[in-house]
Protein chains: 4
Amino acid sequence: MSLFKHRMTVRDYECDMQGVVNNAVYQNYLEHARHEFLKSRDLDFARLTADGIIVVVVRAEIDFLRSLRSGDAFDVSVAPVMDSRIRLAFNQTIVHADSGEQMLRARIITTAVNARGRPYLPAALQVLLG
Amino acid sequence: MSLFKHRMTVRDYECDMQGVVNNAVYQNYLEHARHEFLKSRDLDFARLTADGIIVVVVRAEIDFLRSLRSGDAFDVSVAPVMDSRIRLAFNQTIVHADSGEQMLRARIITTAVNARGRPYLPAALQVLLG
Amino acid sequence: MSLFKHRMTVRDYECDMQGVVNNAVYQNYLEHARHEFLKSRDLDFARLTADGIIVVVVRAEIDFLRSLRSGDAFDVSVAPVMDSRIRLAFNQTIVHADSGEQMLRARIITTAVNARGRPYLPAALQVLLG
Amino acid sequence: MSLFKHRMTVRDYECDMQGVVNNAVYQNYLEHARHEFLKSRDLDFARLTADGIIVVVVRAEIDFLRSLRSGDAFDVSVAPVMDSRIRLAFNQTIVHADSGEQMLRARIITTAVNARGRPYLPAALQVLLG
């Protein structure tokens, strides 16, 4: 199975007073790439939400290796792996497009919660691991 | 002179509890398109800032006509016009890529401030009107 | 009728590469103060939304007079005025808490849209003008 | 040594299409509380940055236990601990003000980088552990 990658570019409003991308913004990048990955598998996060399938992040482990700056192009990779019977993990990296340097490495663990707030892994998500 | 346009797509984290793009996010879109316009003219906002040329928005007039939703592709246009001797205005629109409907119309008025905080129009920006 | 004011403080992540609050963030401040104003009148924006009363901003006019910086305390004022039969406007200012200087002045025009997307002014909002 | 806590309230623009605070926003909350903690010790992040002391997050481990919603008041705690000779960690929690429930638990590991990009622990930060 080939690795899913999504190309993005830093926007100036994402940079903070240090002149680099603010830490919290990387979570936005990682989330956006995961949702694009879902779309590549014919799953739409907004439609899942509207259908009452509430997918949530339960744990994030993020290593910030180098800082992205204004205008930098970068690729966000997404690799789903089983974490437990009810948890789906995504191994993700952010790689600088020009230099090929790894800027960030993350493991994002997700599950879904049903109407009574109990975690489960919907069939819709299990198919991602196929 | 042909109109500058920049294509973007709504990201899920930009949507709010109403399920549509939050109002403030449109200002991010408009700013990003202006900075891309500058780049198309060999001007870089981050470099201008680093060089001490502080370009600021002094007034924004924004008509929110329709709401963008998750995954919508849209074009942000940028047309610079002289507003006064020291002010440069940008007429901008956001148009839905699929339907061609105008979603937003804005007039963003900018100037630069020098080291003593006084407004002026740097030569670097005057060239945009040429 | 006394003016509604809400005190806030600039957070570092709201500042951009120029070291000042990014323009789009002021719309967040203005929105938050309007929602606090609603709460002071026993109206809750999230509950209105959940109840299907979709209040939207149709036009924003914002004059950026001075820039807020890291740690600055400021007051956001909210004064509702009738704009038309179906539009409610909010005159708002942002005033620096220490210096008393006006940093921003805005007129935010809102309406509500019903299930068929037609604008109307719900009774819930008309009471704000009382 | 008593635990540092900073009280905040969810703002509506911080909620996403699921009607809860977006994951990335929690990193903003955690960062803001750390900077308020620094201020309580007479350290100012913006001034450190202006003085060339670039403090960066190198790793974040965040457990999202429960979701904050519109209007929820919460306390963000900050407890600094030594992580290595050149790394300072912050153990942080977010606790719902009304219910006392823990919503989030995090370990944020930081260091500073000098002008040549090498990590070090400035004396200014070592004092936090005293």
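The entries below go through the chain pairs, then a helix, then a loop residue.

**Entry 1: ground rules.** I noted first that this is a predicted model, in which local features need pLDDT of at least 70, side-chain atom pairs count only at pLDDT 80 or more, and totals for chains, interfaces and linings use all residues. Residues are numbered from 1 along each chain as its sequence is written, while chains are lettered from A and ligands numbered from 1 in the order in which they are written.

**Entry 2: chains B and C.** How many residues of chain B are in contact with chain C? I found 19 residues of chain B in contact with 19 residues of chain C; two residues are in contact if their C-beta atoms, placed from the backbone, lie within 7 Å. On the chain B side, helix H1 (23-40), helix H2 (45-50) and strand E2 (54-64) each supply at least two residues. My names for helices (H or I, at least four residues) and strands (E, at least two) follow DSSP runs, numbered from the N terminus. E2(B) has the largest share of that side, with ten residues. Sorted by class, the side of chain B that touches chain C holds ten nonpolar, five polar and four charged residues. For these classes, Ala, Val, Leu, Ile, Met, Phe, Trp, Tyr, Cys and Pro count as nonpolar, Asp, Glu, Lys and Arg as charged, and the others, Gly among them, as polar.

**Entry 3: strands across the B and C contact.** I then looked at how E2(B) meets strand E2 (residues 54-64) of chain C: the two run antiparallel and are joined by five bridges. Strands pair here if DSSP finds at least two bridges between them. Within this pairing, B:Glu61 stands opposite C:Glu61.

Entry 4: The same surface serves both copies, as 100% of the contact residues of chain B recur in chain C.

**Entry 5: chains A and D.** Next I looked up the contact between chain A and chain D, which takes 19 residues from each. On the chain A side, helix H1 (23-40), helix H2 (45-50) and strand E2 (54-64) each give at least two residues. E2(A) gives the most, ten residues. I sorted the chain A side into ten nonpolar, five polar and four charged residues.

E2(A) pairs with strand E2 (residues 54-64) of chain D in the antiparallel sense, over five bridges. A:Glu61 stands opposite D:Glu61, and the bridge partner of A:Ile62 is D:Ala60.

**Entry 6: helix H1 of chain C.** How far apart are the end C-alpha atoms of H1(C) (residues 23-40)? They are 27 Å apart, which agrees with the 26 Å that its 18 residues should span; the expected span is 1.5 Å times one less than the number of residues. Is this helix mostly covered or uncovered? It is mostly covered, with 15 of the 18 residues of H1(C) buried. I counted a residue as buried if 20 or more other C-beta atoms lie within 10 Å of its own, exposed if 12 or fewer, and partly exposed in between, with C-beta atoms placed from the backbone.

**Entry 7: Asp42.** Just after H1(C), C:Asp42 takes a positive phi of about 65°. I checked B:Asp42, where phi is near 65°, a positive value in a residue other than glycine. B:Asp42 sits in the loop between H1 and H2 of chain B, and it is exposed, with 8 other C-beta atoms within 10 Å.
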